[in-house]
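Please consult the sequence and the structure while reading.

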Amino acid sequence: MAFSRFSGSRLMADLAAAGSEIPGYARPYKACWVAALLFVSVAYPASAQETTVTEYFDDRSGAMALNYDTELYLCGMIHSSKGHDPVNSAVRAARTRVGWPNLLEDAETYGIPQTFNLCGHDAVFGDDGPGDLAKLDQFNLFHRDKHWWTNTWYSDAPPNGGDYRTVGDLSGYTRSYGLVYGGDMTEAAMNASVPHEISFHTFGHGGLNKLPGYILDETFRVGKIYHKRIGNKITAQAPPWNGNPIEARYPIFVDHGIFLYNRFEETTAKPHEVIENLWVIARHRGFDADTDLRDDIDAVIAAGHVLAPYSHPEDGFAKPSRDGFQKTLAHAQAKVQSGELWATTLSEIGRYCEAKSDVGTVTRSGEGATTVEITLNDYKTETFGIPYLTFKSPMPDGSEFARISVDFPSDLTLNSNSDTVRVEDGLAVYSIYLNPNGPTNVRIEGVSAPHTDGVDINTPVLTVTTVAPTEPPSATPVKIQAQTESTDTIYTVNLIYQHNTGAKKSAIMTGKNGAWETEIGPFNPGDWVTYYVSATDNTARRVTTPLQRFLVRAETSE
């Protein structure tokens, strides 16, 4: 089953069977780039009925964005229920390592995306663990939690007193507590076939209600750097300790490209814009693997709200039985397939809301067609990327099916039997990606039979390819190259590689005009290097190459 960033709509099985490319689908897109052609519209008279934008994607009644505060640090769990007890913290970290894969498995089964709110260096799966401690284990004020003042999870207040750097663990050794690594879990979430989101939860789990402005600014700055190292663009923030910042701090979010805040409100509500370019989705309540949210889903569908409760991967998800959670996902899947629920991620809802608030349309009718010119006004492309919206436009006649042409990213015609195109009550209902930097022109014609020779959705192009070196010599660095094609601006291209059976490493590749490269090594004769390349665009869509592998040969003299 294929999955869409639109998620779980009637899109799934039909589009996958047709081989269509779905927005947010976590595999390389078709290389269907062609030059955009200008759509020349005839000066038809203005339509008596204007085009409207639906509240949520595909005119769904409500939305859902399940999210998880994922506090498995690079070096362990950042805090524990007892605050400073490293033993309890290690147990909780171990439960996270089991619970997180179980969450991914259940999400795959039911096709429901999740948002994982990461602390600290959890994102960096390219580090060697202990080798980075000299850089990471330093005092700073990011954290502001009473027991945690450094970048690692070591307790600053061991249970029996003393300095955590010299007291050692409970077995009596003068060393640090054992590492509980989390980077591979992050990688698994990013590479899953369901388009999950990796969002931010600050470095040190410091409450946003306690962080001074300059510290919040710094933690966002550094967080973006570390997430970019693995090909992730962070655009959403979840509140540690459910502590909300004062409103004067909100511009700091916007300055760093964070446009969605999951604010703790203990209720459900419609998304709203607290300041320009920052949207709030209410953080409903906590849940665990035994919680049945079926009634909550029905309630937000009835109210037109977003359901965004939070949990942690350790909260019962390590158990073989996750009955409440699986019932929740099964019910969500049914409501998605019935067209009532939009199950997606936090940032996808924020991007949709921003585009909806900035969109303008001009609708004209005549000569057997309806034409719509769609523009985005004051839309911040660098922050939000390429959006999609769902529109309702008047049909030019009483036909049962609509043939819809769109000129972005090139001249394309949508399939009438696409799960995002239909005719209801004399209106064409359709979802399309929009040109963020100019008009998007749409032409709607009535047809007696479904048009099936087009595309299901006008997906922006994003591809990445690479060819492994052929037995490069030892003793000299190895150059890895990649090529990208993209409608959107490329945010980052990343090499993720593993030397023999060692820790995976990540590197940002450099380049321009679609050609990227970086050097790794040198390596020893007989070494194997396995790698893949990821490309992330400004909308935070990410695609990867298949795994590549090469053998290093001995250097030979001429």
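Q: Which residues touch the most other members of the largest nonpolar core?
A: In this predicted model, the largest nonpolar core holds 42 residues, and Ile 404, Tyr 430, Ile 432 and Val 442 touch the most other members. Two or more residues come from each of helix H10 (346-358) and strands E16 (369-376), E17 (388-394), E18 (401-406), E21 (427-433) and E22 (440-447). H10 gives the most, with five residues.

Q: What does Tyr 430 touch, not counting residues up to four places away in sequence?
A: Contact requires heavy atoms within 4.5 Å. With those sequence neighbours left out, the partners of Tyr 430 include Val 372, Leu 389, Phe 391, Ile 404, Val 442 and Ile 444. Thr 51 and Ser 393 are also among them.

Q: Which residues does the second, separate core include?
A: Leu 66, Leu 118, Phe 287 and Leu 307 are included in this core of 29 residues.

Q: Why does Phe 287 count as buried?
A: The cut-off for buried is under 20% relative accessible area. Phe 287 has a relative accessibility of 5%, and therefore it counts as buried. Across the protein, 59% of the 558 residues count as buried.

Q: Where does Phe 287 lie, and what does it touch?
A: Phe 287 lies in the loop between strand E11 (278-280) and H8. Not counting residues up to four places away in sequence, Phe 287 touches residues including Leu 66, Tyr 68, Leu 293, Pro 309, Ser 311, Phe 317 and Phe 325. Ser 311 is 24 residues from Phe 287 along the chain, yet their C-alpha atoms are separated by 5.3 Å.

Q: What angle and what distance describe the packing of helices H8 and H9?
A: Helix H8 (residues 294-303) packs with helix H9 (residues 323-337) at an angle of about 30°, and their axes are 9 Å apart.

Q: Why is H8 called roughly parallel to H9?
A: Angles under 35 degrees count as roughly parallel. The angle here is about 30°, so H8 is roughly parallel to H9.

Q: Which residues make this contact, and how many belong to each class?
A: Arg 294, Ile 297, Asp 298 and Ile 301 take part from H8, and Lys 327, Thr 328, His 331, Ala 332 and Lys 335 from H9. By class, the contact has three nonpolar, two polar and four charged residues.

Q: How many helices and strands are there in the protein?
A: The protein has 11 helices and 31 strands.

Note on methods
Residues numbered from 1 in each chain as written. Predicted model: local features only at pLDDT ≥ 70, side-chain atom pairs only at ≥ 80, totals over all residues. Heavy atoms only, no water. Axes fitted to C-alpha atoms, helices over the stretch in contact; angles between N-to-C directions. Helix = DSSP H or I, 4+ residues; strand = E, 2+ residues; numbered from the N terminus. Parallel < 35°, antiparallel > 145°, perpendicular 65-115°, else oblique. Nonpolar A, V, L, I, M, F, W, Y, C, P; charged D, E, K, R; others polar. Core = buried A, V, L, I, M, F, W, Y, C linked by side-chain atoms within 4.5 Å. Buried < 20%, exposed > 50% of the residue type's maximum accessible area, 1.4 Å probe, protein only.
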